[in-house]
Amino acid sequence: MKHRNTALSAVLGLGLAAALGTAVPAQAAAPHTAANYIGSKQESAGNKAFFEAVMKSVAKKQAAHPGAASVTVVYDASQAPSFAGEISAAAQIWNSSVSNVKLQSGSGGGDFAYYEGNDPQGSYASTDGHGSGYIFLDYAQNQEYDSTRVVAHETGHVLGLPDHYEGPCSELMSGGGPGPSCTNEYPDAQERANVDSLWQNGFAKALHKALAAK
């Protein structure tokens with residue numbers, strides 16, 4: 001949905017909150033319309049940085065346990081209790097859709113976390129630039145749009161997919177572009193293939209770097 005690469009002050013504030021395991025400060029809610037879904041180069045760069053931070057975190061853990069059979073990304077949903085069901089559903093959707101990476105619930109030391117609250121910019125994925133990332137879920141947006149689609153879409157950024165707002169409802173990463181009537185919660189064939197490719201080829205490179213640094 002709406003994503004952003006936060007300004008330094010926001011990054012410090014929200015990043016610190018994530019590090020301390022506290023709730024992200026709530027902000028005043030605002031109406032969410034199609035205009036909120038116009039992306040930018042800055043947002044695109046932020047989403048890419050988030051994916052790279054998650055992959056780096058996972059690669060470090062994998063390097064410590066080279067015998068692990070599969071690549072697992074651990075998420076912490078403890079700071080988004082209102083969306084526990086949607087987060088679990090989104091994880092199941094992705095786990096049933098791709099083969100080279102799996103999402104697993106955990107707490108403390110996760111590769112990324114979910115937070116909830118009010119934000120006029122809607123839901124978004126972000127990174128503090130230091131290897132940690134989180135997904136913020138906005139209350140108002142999740143009431144207007146299909147909530148599981150919102151969460152699955154944001155989680156798609158964790159797995160490396162960019163926004164494609166101009167896409168059809170059948171594309172998960174089209175986000176809110178098709179409007180609130182779109183309730184598709186699943187990635188299409190191309191999105192699934194892209195994630196599998198990223199976590200096969202891209203992860204192999206990240207793991208090589210992590211092993212070389214040991």
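Figure 1. D111 counts as buried, at 2% relative accessibility; the class buried means under 20% relative accessible area, exposed means over 50%, and partly exposed lies in between (1.4 Å probe, protein chains only). The model shown here is predicted: local features need pLDDT of at least 70, side-chain atom pairs count only at pLDDT 80 or more, and totals for chains, interfaces and linings use all residues. Residues are numbered from 1 along each chain as its sequence is written, and side-chain values use heavy atoms, with hydrogens and water left out. The structure holds one salt bridge, a term for a side-chain nitrogen of Lys or Arg within 4 Å of a carboxyl oxygen of Asp or Glu. The salt bridge joins D111 to K61, with 3.2 Å between the closest N and O atoms. D111 lies in the loop between strand 2 (102-105) and strand 3 (112-117), whereas K61 belongs to helix 2, so the pair ties together parts that are 50 residues apart in sequence. K61 counts as partly exposed, at 35% relative accessibility. Side chains of opposite charge can pair when their charged atoms come close.

Figure 2. The secondary structure of the chain comes to six helices and five strands. Helices (H or I, at least four residues) and strands (E, at least two) are DSSP runs, numbered from the N terminus. From the N terminus on, the order of elements is α-α-β-α-β-β-β-β-α-α-α. The chain has 214 residues, of which 46% count as buried.

Figure 3. Helix 5 covers residues 147-158, twelve residues in total, and its first and last C-alpha atoms are 17 Å apart. That span is close to the 16 Å expected at 1.5 Å a residue, where the expected value is 1.5 Å times one less than the number of residues. Twelve of the twelve residues of helix 5 are buried, so this helix is largely enclosed by the rest of the structure. Among the buried residues are R149, H153, E154 and H157. Just after helix 5, G160 takes a positive phi of about 105°.

Figure 4. A disulfide is a covalent bond between the sulfur atoms of two cysteines. Here the term is applied to a pair of cysteine sulfur atoms within 2.5 Å, and by this rule the count comes to one disulfide. The sulfur atoms of C169 and C182 are 2.0 Å apart. The link of C169 and C182 is right-handed, with 85° about the S-S bond. Both C169 and C182 lie in the loop between helix 5 and helix 6, so the pair ties together parts that are 13 residues apart in sequence. C169 is partly exposed, with a relative accessible area of 28%, whereas C182 is buried, with a relative accessible area of 4%.

Figure 5. The largest pocket has a volume of about 330 Å³. On a 1 Å grid over the protein atoms alone, a pocket is an open set of points where a 1.4 Å probe fits, with protein on both sides within 12 Å along at least five of seven lines, and lining residues have an atom within 4 Å of a point. Grid points are joined across faces, edges and corners, and the volume is the space filled by probe spheres set on the points. The lining of the largest pocket consists of 15 residues, with E52, M55, K56, A206 and K209 nearest its centre. Helix 2 (41-64) and helix 6 (189-212) are the elements that give two or more residues to this lining. Helix 2 supplies the largest share, eight residues. By class, the lining has seven nonpolar, one polar and seven charged residues. In this scheme Ala, Val, Leu, Ile, Met, Phe, Trp, Tyr, Cys and Pro count as nonpolar, Asp, Glu, Lys and Arg as charged, and the others, Gly among them, as polar.

Figure 6. S174 is found in the loop between helix 5 and helix 6 and is buried, with a relative accessible area of 0%. S174 and H153 are 21 residues apart in sequence, and their C-alpha atoms are 8.3 Å apart in space. D138 lies in strand 5 (residues 133-138) and counts as buried, at 0% relative accessibility. From D138 to Q121 the C-alpha distance is 8.4 Å, with the two residues 17 apart in sequence. A80 is found in the loop between strand 1 (72-79) and helix 3 (84-97) and counts as buried, at 0% relative accessibility. A80 and G117 are 37 residues apart in sequence and 8.4 Å apart in space, C-alpha to C-alpha.
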